[in-house]
Amino acid sequence: MRFRHPGHSRYPRRTLSMIGLALSVLLLAALFYFKIPTLALDFAGIYVVVLVAAIPAVALTGRVGLMAAYTALTVLFGAVVFLTSAPIIRANAYYQMLGTEHQANFHDALPPIDIDQAPLVSEDMALQAMQKRLSEIASLGSQVRVGRPVKQLVRDKLVWVAFLEHSGFFKWFADGGTPGYLTVSAHDPADVQLVMELNGKPLKLRYLLSAYFGDHVERHAYLSGQATVGLTDFEPEIDDEGVPYFVGTTYEHKVGFSGSESTGIVTVNAVTGAVVRYKLGTEPKWVDRIQAEEFILEQMQDRGEFIHGYFNLNNEGRLRVDGYLDLVYGSDQRPYWVGGMTSKGNNNGLSGFYFVDSRTKTVRWFKVPSVSQYTAAHAAENVNPEKRYQATNPLPFLVGSAPTYVMALRDAQGVSRAFGMVDMRNNQVIGVADTLSATLRSYQSKRSTNRVAADIGTEARDVELKGTVVRISSEFRNNQTMYYITLATAEKTLGTIFTGSSDLSEELVLTKPGDKVELSYSDSSTRVVGMSRFHNADIPGL
């Protein structure tokens, strides 16, 4: 049997080399178009694309020396990536990525609960409401689908926004665009708006995440002069005039070929395709998401993981993110990525919270031992276990100056049926009721009879008040009597309603309108607040 030398073939080596080169050029073009690698030295993607595309050209030459050189170059590239980016070598650099922590207390950031505008509509509730609205229009329901809802502040109103996306390739090919977007109030899932025209003109959203080829929003931005900067996290947002945009985060690497850090944003008008890039600090005010969620989550995890370096066999001081991040709007109306941190191996309690401004990346650390969101949700669900309610992701609020998880409770169909409030430091203090106002009363009742739970330590801002009782009424709830009082001070009649049970003070039972009283309460901007002390000065001998 005769063996053919590798250099011998039915095709001349030169021909094979030309075929290999042609295949590599075609592969390179395809990879560039579909993978859209960032053309920057600190991004590994461009090197990987070139190395992969070179395989046909190198392999078909039949030259052992060239293949050996290619293999050596590939190994060298892998070594450079490892030495410059591996956590085992760069642990401290990853630890520093999150930035400087500013110690704070909850009163500086947590919004007080607003019974009339509490944003407790979750993403899945918003999506369900949007899909229901879309299904009511037969001509649209089969042609488009609802994209992922994103929460944002529009003209001081918190809403969920989702663009209509193509339902498939052939719908995109036939239609070229979708007819608008939907919004849902973050307070009321019944408040759904389908926006199909703007300034009297029909909307046609062309540049979308579900579009193909040059209409795909990220590829469109890349091919519009943004190839030299990292692009990620394209999310739908509307400006204050209702114009639909996709907002993507631009980024670079701070730790070798890793350690992603936001450097600004790119906006893509979903109708016209106009692309504008903004550096940090120059973004439009209507943009809420500048710091990419995936980067902040990764940096929080690295801060907790590498607190004592990479080698920490006994896990001393190590923390991890509990669950996932949520976008919360603080008392200053600024958006924050909020993540609870728990010790490794502890699934029930939190060591504190990170609040990271999603625009500026200012980091606030609230060192408040508390129960986890999962534990709080489970506690609220078990108040009425026979109803099998499922809680939305608990959000942190101030309720009577007390850090409190607040959530909606849904039935099996995803419809909100009740609400829950759980003390962040004592999950035995729970309020659950059919309405948010009733939930607040139930929760304050539990807190007034549990002074350990009500004591919020140095964070409390107790206010002492003297006045005359204008009205007093009682309500029997949760096997105890709750009293509700309004006062008039020397200056004016207050609109605040003060609450407390007979366990707080026996004098409440004997109090009547016109009595002079003294009380203390935790400073709060809510209308209904719980009292921490009560004294009726008109009751003799007391």
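This is a predicted model: local features need pLDDT of at least 70, side-chain atom pairs count only at pLDDT 80 or more; totals for chains, interfaces and linings use all residues.

Student: Great. Which residues touch the most other members of the largest nonpolar core?

Tutor: Those are L120, F353, Y405 and M407, in a core of 41 residues.

Student: And which element gives the largest share of this core?

Tutor: That's β21, with five residues.

Student: OK, switching to charges. How many salt bridges does the structure hold?

Tutor: There are 17. One of them pairs D124 with R410, with the closest N and O atoms 2.2 Å apart. D124 sits in helix α6 and R410 in strand β21, 286 residues apart, so this pair links distant parts of the chain.

Student: Is R410 buried or exposed?

Tutor: R410 is buried, because its relative accessibility is 10% and the cut-off for buried is under 20%. D124, at 42%, is partly exposed.

Student: What about E241, which side chain does it meet in a salt bridge?

Tutor: R155, at 3.3 Å from N to O. Both partners lie in loops: E241 between β9 and β10, R155 between β3 and β4. E241 counts as exposed at 56%, and R155 does too at 57%.

Student: Last topic: which residues form the nonpolar patch on the surface?

Tutor: F34, F169, F170, F173, Y212 and F213, with about 690 Å² of accessible area together. Helix α8 gives the most, three residues. F169 lies in that helix and is partly exposed, at 31% relative accessibility.

Note on methods: Residues are numbered from 1 along each chain as its sequence is written. Side-chain values use heavy atoms; hydrogens and water are left out. Patches are made of residues with over 30% relative accessible area and no salt bridge: like charges are joined within 9 Å, nonpolar side chains (Val, Leu, Ile, Met, Phe, Trp, Tyr) within 5 Å. Accessible areas come from the Shrake-Rupley method with a 1.4 Å probe; for residues, only the protein chains shown count as cover. A salt bridge is a side-chain nitrogen of Lys or Arg within 4 Å of a carboxyl oxygen of Asp or Glu. Helices (H or I, at least four residues) and strands (E, at least two) are DSSP runs, numbered from the N terminus. Buried means under 20% relative accessible area, exposed over 50%, partly exposed in between (1.4 Å probe, protein chains only). A nonpolar core is a set of buried Ala, Val, Leu, Ile, Met, Phe, Trp, Tyr and Cys residues joined through side-chain atoms within 4.5 Å.
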